Amino acid sequence: MSLDKPYKDVPGTTIFDAEMSRLGYHLNQFCMSLMKADNRARFKANERAYLDEWPMTEEQKQAVLDRDLNRCISLGGNIYFLAKIGATDGKSFQQMAGSMTGMSEEEYRNMMIGGGRSIEGNRSLGEKK
Amino acid sequence: MARVTASVYTSHVPAIGAAIDAGKTGEPYWQKVFAGYDFSKQWLKDEKPDVIFLVFNDHATAFSLDLIPTFAIGTAAEYTPADEGWGPRPVPKVIGHPKLAAHIAQSVIQDDFDLTIVNKMDVDHGLTVPLSLMCGQPQAWPCPVIPFAVNVVQYPAPSGRRCYMLGQAIGRAIASYEEPLKVQIWGTGGMSHQLQGPRAGLINKEWDNAFLDRLIADPEGLSKMPHIDYVREAGSEGIELVMWLIARGAMSDVAGGAKPTVKHRFYHVPASNTAVGHLILENN
């Protein structure tokens with residue numbers, strides 16, 4: 001019997017399950033390496049060369065270079081790991097989260113102050129009109 | 001004998017720690033968050049627990065994808081605040097309680113919960129932000145802390161049911177410890193929030209407040225809520241709330257005792273990307 005994955009129909013959401021974790025193992029472990037200051041310095045000095053030390057796919061490397069977090073997530077990245085790239089770039093978690101929504105930093109911040117993104121219409125793909 | 005005197009529930013948003021560390025607690029944005037903890041700080045001073053059993057999750061800090069324990073109990077003498085990429089938080093190191101932790105580990109494993117035992121672990125904002133919210137900025141934390149890490153990073157997290165039953169086993173373990181210690185159990189994380197994808201920024205106030213209501217009055221029923229409800233209604237990171245059920249399961253009423261007293265309840269949106277929820281329940 002196949003696994004039940006009811007979370008597949010939650011809009012704008014990728015659940016980091018065992019399958020995604022398998023795909024993203026090296027991408028996430030690369031992110032983890034940025035916890036060390038000397039690795040951060042080496043990455044900043046030559047991002048491409050640093051990424052080439054990891055057995056990541058070309059798509060994953062390009063997504064990191066582009067700082068395309070949605071793409072990183074679709075390729076197995078997990079936000080808590082990807083946050084290490086943001087920290088290396090000096091970005092806050094709010095800036096990182098906002099960058100995935102298609103909103104400007106200010107729009108996203110104002111949405112949060114206004115009570116956040118509404119659940120209405122966001123529960124499932126079927127609900128979303 | 002040792003006893004659980006109270007349980008505390010709180011979000012552990014990293015930006016809260018950053019605001020405290022940068023001296024921004026007086027800014028209007030943050031004032032609204034910290035005002036919800038004024039009562040709690042005084043309450044904790046008056047209560048003077050001997051040990052805090054602190055349920056939290058590691059955020060790709062101590063545990064990478066190399067090792068993903070579902071439940072990990074810290075039995076070390078001390079824990080260093082971690083460098084999460086922004087440098088370590090300037091907070092006191094966390095002193096453990098190896099003797100009680102080892103007792104709980106042995107008791108709970110014999111009670112059919114297969115814990116991972118950790119003797120070396122840096123602790124991230126998941127553990128230190130709740131301490132900062134409840135204690136302010138002391139030179140040393142007020143008592144020893146037993147860190148208890150739950151995997152909520154790689155899906156599936158343990159079910160709410162499993163967490164609730166584990167809390168009961170932890171309650172029994174504490175009650176069988178010979179020294180007369182006052183132990184608090186804290187459940188942290190949540191409330192509704194989503195940090196990833198186009199749905200990032202999701203907040204569900206109605207659902208959060210219903211969760212608080214049920215945590216107080218109907219933890220048994222709440223524990224049966226499936227994962228998908230957390231994900232759908234409270235965001236992909238809202239699933240951290242299963243950890244609150246561990247703390248709730250350790251309270252006396254679950255084992256047939258009197259209902260707890262609600263000493264404090266607070267809810268505010270936002271702190272960064274997240275809804276902040278906070279509750280203090282005292283055993284009677």
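What follows is a short briefing on how two domains meet and on some of the salt bridges.

Keep in mind that this is a predicted model. Chain A is assigned two domains, with domain 1 covering 15-89 and domain 2 covering 92-124. Over all chains, the structure holds 24 salt bridges.

**Where the two domains of chain A meet**

- The C-alpha centres of domain 1 and domain 2 of chain A sit 23 Å apart.
- On the domain 1 side of chain A, nine residues are in contact with four residues of domain 2 of chain A.
- The size of an interface is often given as the accessible area lost when the parts come together.
- For domain 1 and domain 2 of chain A, the buried area comes to about 530 Å², and carbon and sulfur atoms give 80% of that.
- On the side of domain 1 of chain A that touches domain 2 of chain A, the elements giving two or more residues are α6 (69-74) and α7 (79-88) of chain A.
- The largest share of that side, six residues, comes from α7(A).
- By type, the residues on that side of domain 1 of chain A are seven nonpolar, two polar and no charged.

**Salt bridges in chain A**

- Side chains of opposite charge can pair when their charged atoms come close.
- A:Arg22 and A:Glu19 form a salt bridge, with their closest N and O atoms 3.1 Å apart.
- Both A:Arg22 and A:Glu19 belong to helix α1 (residues 18-23) of chain A, where they are three residues apart, about one turn of the helix.
- A:Arg22 is exposed at 56% relative accessible area, while A:Glu19 is partly exposed at 36%.
- Elsewhere, a network of salt bridges links A:Arg48, A:Asp52, A:Glu58 and A:Lys61.

**Salt bridges in chain B**

- B:Arg161 pairs with B:Glu220 in a salt bridge, the closest N and O atoms being 3.1 Å apart.
- B:Arg161 is in helix α6 (residues 160-175) of chain B and B:Glu220 is in helix α8 (residues 219-222) of chain B, so this pair ties together parts that are 59 residues apart in sequence.
- B:Arg161 is partly exposed, at 28% relative accessible area, and B:Glu220 is partly exposed too, at 34%.
- B:Arg265 and B:Asp213 also meet in a salt bridge, at 2.7 Å from N to O.
- That pair links distant parts of the chain, with B:Arg265 in strand β9 (residues 261-271) of chain B and B:Asp213 in helix α7 (residues 205-217) of chain B, 52 residues apart.
- B:Arg265 is partly exposed at 35% relative accessible area, and B:Asp213 counts as partly exposed at 41%.

Methods
Residues numbered from 1 in each chain as written. Chains lettered and ligands numbered in written order. Predicted model: local features only at pLDDT ≥ 70, side-chain atom pairs only at ≥ 80, totals over all residues. Heavy atoms only, no water. Domains from an automatic or database assignment. Contact = heavy atoms within 4.5 Å. Buried area = accessible area lost by both parts, 1.4 Å probe. Helix = DSSP H or I, 4+ residues; strand = E, 2+ residues; numbered from the N terminus. Nonpolar A, V, L, I, M, F, W, Y, C, P; charged D, E, K, R; others polar. Salt bridge = Lys/Arg side-chain N within 4 Å of Asp/Glu carboxyl O. Buried < 20%, exposed > 50% of the residue type's maximum accessible area, 1.4 Å probe, protein only.
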